[in-house]
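Let's walk through this protein together, one part at a time. Keep the sequence and the 3D view open as you read.

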Amino acid sequence: MSSFLRPAVPGPHDPMATAGAPAPVMATATATATLGRIPAQYRPISSHLAIAPPVSVVIPAMNEAKNLPHVFGTLPEWIHEVVLVDGNSTDDTVDVARGLWPGVKVVKQAGKGKGDALISGFAACTGDIIVMVDADGSADGQEIVSYVSALVGGADFAKGSRFANGGGTDDMTPIRKLGNRVLCGIVNAKFGARYTDLCYGYNAFWRHCLDSITLDCTGFEIETLMNIRVVKAGLRVQEVPSHEYLRIHGMSNLRAVRDGLRVLKVILREKGVRRGSRRGPVPGLNSLRGEVS
């Protein structure tokens with residue numbers, strides 16, 4: 001996977017040092033090693049790598065208090081903000097989140113469903129890059145650097161894939177694998193995509209992508225909707241190998257047949273929508289759909 005790398009401090013012959021040139025989005029820290037620190041405009045990822053774009057992580061959660069210590073424990077310290085969308089939890093999800101990440105931004109979800117939660121979370125983000133992470137412990141937050149690398153390397157949308165070379169899953173039944181494969185094949189055939197995975201919620205994208213797509217569904221099918229509309233909008237998509245782990249605590253709200261039919265309905269509906277006819281800001285970006293605290 002490619003990365004866009006430049007010296008952290010532009011030299012006298014570096015074209016990035018010219019007046020009016022845009023700041024590099026990723027930089028090596030070697031040039032500043034003698035200074036003992038990385039310039040303030042960069043966020044350290046390692047002793048040799050830093051990133052400029054602020055990264056927001058959106059975590060929709062409902063009664064996930066037991067899983068949050070693991071989820072937050074895998075998140076890189078260099079991310080800009082964590083946005084937790086609380087789906088009216090009856091446990092201490094919010095209190096646990098605040099204890100684990102004191103600066104967490106909590107959005108009280110006004111509606112219901114994962115799609116509604118993500119839309120509310122996106123509206124509350126202030127970072128240039130947005131990452132979607134589930135709260136059940138199935139996603140490894142350390143993979144975020146791979147998603148960010150794909151984005152700063154030129155992609156608009158970094159799509160996680162459990163079936164790309166290097167990916168995997170511990171949490172899919174044979175029927176779900178078959179359904180995902182069939183639905184993925186339909187999307188590829190109908191929209192000219194080249195996806196290896198369709199129904200997976202670990203994705204990342206530049207915030208500007210929200211100006212090219214409209215998100216208007218409330219359930220698990222929002223992931224499929226996003227995958228289709230970024231292709232229809234002509235955005236550059238790069239798959240990122242990802243490993244899905246078993247949920248740690250609790251039961252999933254996903255129902256293979258019910259949600260599979262909802263995904264199929266979205267696919268059939270989108271086939272009849274002309275490219276670009278749905279473009280517009282995400283509902284709620286100008287007025288948050290949830291209460292932020």
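**A guided tour**

I175 counts as exposed, because its relative accessibility is 54%. Here exposed means over 50% relative accessible area, buried means under 20%, and partly exposed is in between (1.4 Å probe, protein chains only). This is a predicted model, in which local features need pLDDT of at least 70 and side-chain atom pairs count only at pLDDT 80 or more, while totals for chains, interfaces and linings use all residues. Residues are numbered from 1 along each chain as its sequence is written, and side-chain values use heavy atoms, with hydrogens and water left out.

You can find I175 in helix α5, which covers residues 174–191. Together with L178 and V182, I175 makes a nonpolar surface patch of about 280 Å². Such a patch is built from residues with over 30% relative accessible area and no salt bridge; nonpolar side chains (Val, Leu, Ile, Met, Phe, Trp, Tyr) are joined within 5 Å, and like charges within 9 Å. The accessible areas themselves come from the Shrake-Rupley method with a 1.4 Å probe, and for residues only the protein chains shown count as cover.

Now step back to the whole protein. It has seven helices and 14 strands. These are DSSP runs numbered from the N terminus: helices are H or I with at least four residues, and strands are E with at least two. Of the 293 residues, 52% count as buried. The protein exposes about 13400 Å², and carbon and sulfur atoms supply 55% of that area. Among contacts between residues at least 6 apart in sequence, 73% join residues at least 24 apart. A contact means heavy atoms within 4.5 Å.

A164 gives you an example of parts that meet across the sequence. A164 sits in the loop between β9 (157–161) and β10 (168–169), and it is buried, with a relative accessible area of 15%. Setting aside neighbours within four places in sequence, A164 is in contact with T196, E239 and P241.

D197 brings us to the salt bridges. A salt bridge is a side-chain nitrogen of Lys or Arg within 4 Å of a carboxyl oxygen of Asp or Glu. By this rule the count comes to 14 salt bridges. One of them joins the side chains of R162 and D197, at 2.7 Å from N to O. R162 lies in the loop between β9 and β10 and D197 in the loop between α5 and β11 (203–206), so this pair ties together parts that are 35 residues apart in sequence. Both R162 and D197 are buried. Elsewhere, salt bridges that share partners join D216, R229, K232, R269 and E270 into one network.

Another salt bridge links the side chains of D86 and K108, at 3.3 Å from N to O. D86 belongs to strand β6 (residues 81–86) and K108 to strand β7 (residues 105–108), so the pair connects parts that are 22 residues apart in sequence. D86 is buried, at a relative accessible area of 2%, whereas K108 is partly exposed, at 34%.

K114 and D134 also form a salt bridge through their side chains, at 2.8 Å from N to O. K114 lies in helix α3 and D134 in the loop between β8 (129–132) and α4 (144–152), so the pair ties together parts that are 20 residues apart in sequence. K114 is buried, with a relative accessible area of 14%, and D134 counts as partly exposed, at 21%.

How is helix α3 placed in the structure? It is mostly covered, with 11 of its 11 residues buried. Two packed helices are described by the angle between their axes and the distance between the axes. The axes of α3 (residues 114–124) and α6 (residues 222–232) come within 9 Å and cross at roughly 60°. Axes are lines fitted to C-alpha atoms, for helices over the stretch in contact, and angles run from 0 to 180 degrees between N-to-C directions. The two helices are therefore oblique to each other: angles under 35 degrees count as roughly parallel, over 145 as roughly antiparallel, 65 to 115 as roughly perpendicular and the rest as oblique. Where they meet, K114, G115, L118, I119 and F122 in α3 face I222, E223 and M226 in α6.

Finally, look at helix α4. Seven of its nine residues are buried, so α4 is largely enclosed by the rest of the structure.
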